[in-house]
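Please look at the sequence and the structure below.

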Amino acid sequence: MEIIKPLSQYLAVMLLSPLLLGIINRVKALFAGRRGQPLLQLYFDLHKLLAKTPVYSRTTTWAFKAGPVIGVSAMVTILAVLPFAGRPSFLSFEGDFIFIIYLLGLARFATVLAALDTGSAFEGMGASREMQFAVFAEPAFFLGLTALARVTGQTSLAGMFGALTGDTWRVAAPVLALLTASFFIVLLAENSRVPADDPNTHLELTMIHEVMVLDHSGPELAYILYGASLKLWVFGSLIGCMVLPRHSGSWATDCGLFLLVMAAVAAAVGVVESAMGRLRLTKVPYMLITAFAFSALALIFQMGR
Amino acid sequence: MKIDHLSSFNFGAVDLDPALFLETAASRLAAGGRALAYFALPEGTAHRLVMAVGFDRESRVEVYSALFTGPLRALTPSFPQLHLFEREIWEQSGLKPEGHPWLKPIRFNTPGAVPGVADYFTVHGSQVHEVAVGPVHAGVIEPGHFRFQCHGERVFHLEIMLGYQHRGVEKRFIGGPDKRSLHYAETLAGDTTAGHAWAYCGAVEALSGVNVPPRAQALRGVMLELERLANHTGDLGALAGDVAYLPTASFCGRLRGDFLNMTALVCGNRFGRSMFKPGGAAFDLDDALLKELLLRLERTYRDVENAVSLLWDTGSVCDRFESTGTVSKEAAEGLGLVGPAARASGVGLDTRRNFPYGPYENFTLSVSGSGDVYSRAYVRWLEIQKSVELVRGWLENLPAGPVEAACGQLRPDSAAISLIEGWRGQICHFAVTGPDGKLRHYKVVDPSFHNWQGLAMALRGGEISDFPLCNKSFNLSYCGRDL
């Protein structure tokens, strides 16, 4: 019956991840003095979109339709590897952190291809920006995970976070703090949050991620929105596992605490979005280079420890 | 010929020989003049060109006119500020300005013309690409077509093509003034109701020689400044929204509404419609209303101060605003920019100071000099403070007396220029009467007419992703330009 727990973790993520965006929006509304949209708005949107018939432009091909499907499948696959509350999911193997980086890359590739397939000047611009910033975000993330592998001596995500305990924080606090900061910056950039991107804007010329999905509609748009919420969960849960090393020994307590931490991560994103403006596009790489520097420093500290 | 704005003059007296007209126009513009209006008015089968030149420092307005039957020499190559004026003359009268560098329609109102269908400026090269935006936009804004010639993210050139909002409203004034004229004036640009209504009333009052009572002048001042407050506050909020800075964006949206509601308290309409009428004001204030307005003014201003100072205290916002979309002082003067956009580039032009009218005396102007988005935002904040001070002063010391004087017949064969500082900048109305004392021609120059080219220049060499922010920092009117 050991499959029950990973499976229920997996289903919980599938169910709860759209809630993160609800929390972010609520926090932002609070800061702005508004009441804000319902916490479950994304669920309503997904439900509405799934019932719609998609519209396709005549210039698009199969690549356009494949983009959202590949994107959401990649995220669903990552979840099978991703630890939950420091506990392994049902698929976990040595070196799986490289596997998820490639899956993230695959999802990005499919989205960009779908965007280019529309032949729109806007979407081409968005695709070019997405790739340009990925060049900076991916190394920061990869190097961060490598440093974490060095800290814990493990090469599977579940292993890394399983080995992470309060004691590790006591002996390697600078390394772990740097990594957490680096992952948080990557989270903001990869999930098109302020200050890298503005998820609320309607101005195509300033968009990065949103502009690539402008032509999608109906269920495919639902896949994209859902995939984006899963992606937010993926990055959020890495931070959650970092700052909440296991373990009380009780599965239920761990999971409950972890869900609270996830809500806190979402709230932190909301606070960042409320407290600062968006960077100008040319400065986004600087922010990502900072994340890269944090990861590199963490690795160097770890080597010298 | 030198004339006074807001007072009528004999239209026949400004007539010149065509060759002398062009020569005089060129020399006056070269001497530091700024074209307030330059238009053609039909006279028999020929057309009379009329140019009004303003000298801001000397508070001097000059008007020249000449009868043309054939092509004329374009002055645009020497004076870029005439660029759009000459295109307008060509489109409306058929008089061709020879040597105009970019002669194409601006409103597409001639038979067979379709808005937006024209040759565009293009840049060629292996990695140059074109981005076309509009005329249908993602937000609830007016239609306009924007073409960017880009190299990656960098903009080489932006061409702005408008004309979709053309209604032919200037023509509707001809034969007036009648019951509808004032309402046409109020809707020339919906967010500048007070500005355009005042400019129209000013022209009609000048032509009929009526003196507006001081109380009405002060009330008009209150309406105009409330309009400025509402729009500037809304703009600062929108600028914050464009850089995803939530607090200011949300609060300013509400505060703009508070100012609009104050306007509604006076005249029953949030945009100030029906407040102005030739000869005075349509509504008076009683003591209770005065108190209420003062109370609301203080309260709203305090909130605006809190919301707006967040902008200047937030590093990420300042960083985003600074050195984005810079328009140099030379460019601003060369293109004849007006209003906050010009003052943000260090041009010392404010109609309230340079060409005083109504209740404005000893007005000091707010300039914030570097020409970028930050300056255009900051100059708005300075003007908000100034406007609050003005409104408070008028409300506290409202002159006693009537709010209306009877407005009689217009003088025949006369003309009048009316200059008003709307919230976007200088509004110019030029009215000409025929022998019957009816309006023979009515020319409106909205500040947007001057400033759209400024937006195009702000983008040159900049990032295409900065366009929405620059656009918001100018916040120009489409219908005010298309008329």
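## Helices α1 and α9 of chain A

In this predicted model, helix α1(A) passes α9(A) in a right-handed crossing. Helix α1 covers residues 4–32 of chain A. Its partner, α9(A), covers residues 251–275, and the two pack at an angle of about 30° with their axes 8 Å apart. An angle under 35 degrees counts as roughly parallel, so α1(A) is roughly parallel to α9(A).

On the α1(A) side, the contact includes Leu20(A), Ile23(A), Ile24(A), Val27(A) and Phe31(A). On the α9(A) side, Trp251(A), Met262(A), Ala266(A), Val269(A) and Glu273(A) are among the residues that take part. Sorted by class, the residues in the contact of α1(A) with α9(A) are 13 nonpolar, two polar and three charged.

## Confidence in chain A

The mean pLDDT of chain A is 91, and 99% of the residues score at least 70. Within chain A, confidence is highest in helix α2 (residues 41–50), at 95, and lowest in helix α6 (residues 157–163), at a mean of 89.

## Where the chains meet

How many residues of chain A are in contact with chain B? There are 23, and they touch 23 residues of chain B. Helix α1(A) gives the most to the side of chain A that touches chain B, with three residues. That side of chain A has ten nonpolar, seven polar and six charged residues.

## The four-stranded sheet of chain B

Chain B has an open sheet of four strands in the order β2-β14-β15-β16, with antiparallel pairing. Which strands of this sheet are at the edges? They are β2 (9–10) and β16 (439–445) of chain B, each of which pairs on one side only. Strand β2(B) is joined by two bridges to β14(B), which spans residues 414–422. Asn10(B) has Ser414(B) in β14(B) as its bridge partner.

Two helices of chain B lie across strands of this sheet. Helix α5(B), residues 193–208, lies across β14(B) and β15(B), and runs at about 155° to β14(B). Helix α14(B), residues 447–459, lies across β14, β15 and β16 of chain B, at about 135° to β15(B).

## The three-stranded sheet of chain B

Another open sheet of chain B has three strands in the order β9-β10-β11, again with antiparallel pairing. Strands β9 (128–133) and β11 (154–161) of chain B each have a single partner strand, so one side of each is left without a neighbour in the sheet. From one strand to the next, the twist averages 20°.

Strand β9(B) pairs with β10(B), residues 145–151, over six bridges in the antiparallel sense. Within this pair of strands, Val128(B) stands opposite His151(B) of β10(B).

Methods
Residues are numbered from 1 along each chain as its sequence is written. Chains are lettered from A and ligands numbered from 1 in the order in which they are written. This is a predicted model: local features need pLDDT of at least 70, side-chain atom pairs count only at pLDDT 80 or more; totals for chains, interfaces and linings use all residues. Two strands pair if DSSP finds at least two bridges between them. Two residues are in contact if their C-beta atoms, placed from the backbone, lie within 7 Å. Axes are lines fitted to C-alpha atoms, for helices over the stretch in contact, and angles run from 0 to 180 degrees between N-to-C directions. Ala, Val, Leu, Ile, Met, Phe, Trp, Tyr, Cys and Pro count as nonpolar, Asp, Glu, Lys and Arg as charged, and the others, Gly among them, as polar. pLDDT is the predictor's confidence in each residue, from 0 to 100. Angles under 35 degrees count as roughly parallel, over 145 as roughly antiparallel, 65 to 115 as roughly perpendicular and the rest as oblique. A crossing is left-handed if the near helix is turned anticlockwise from the far one by less than a right angle, and right-handed if clockwise.
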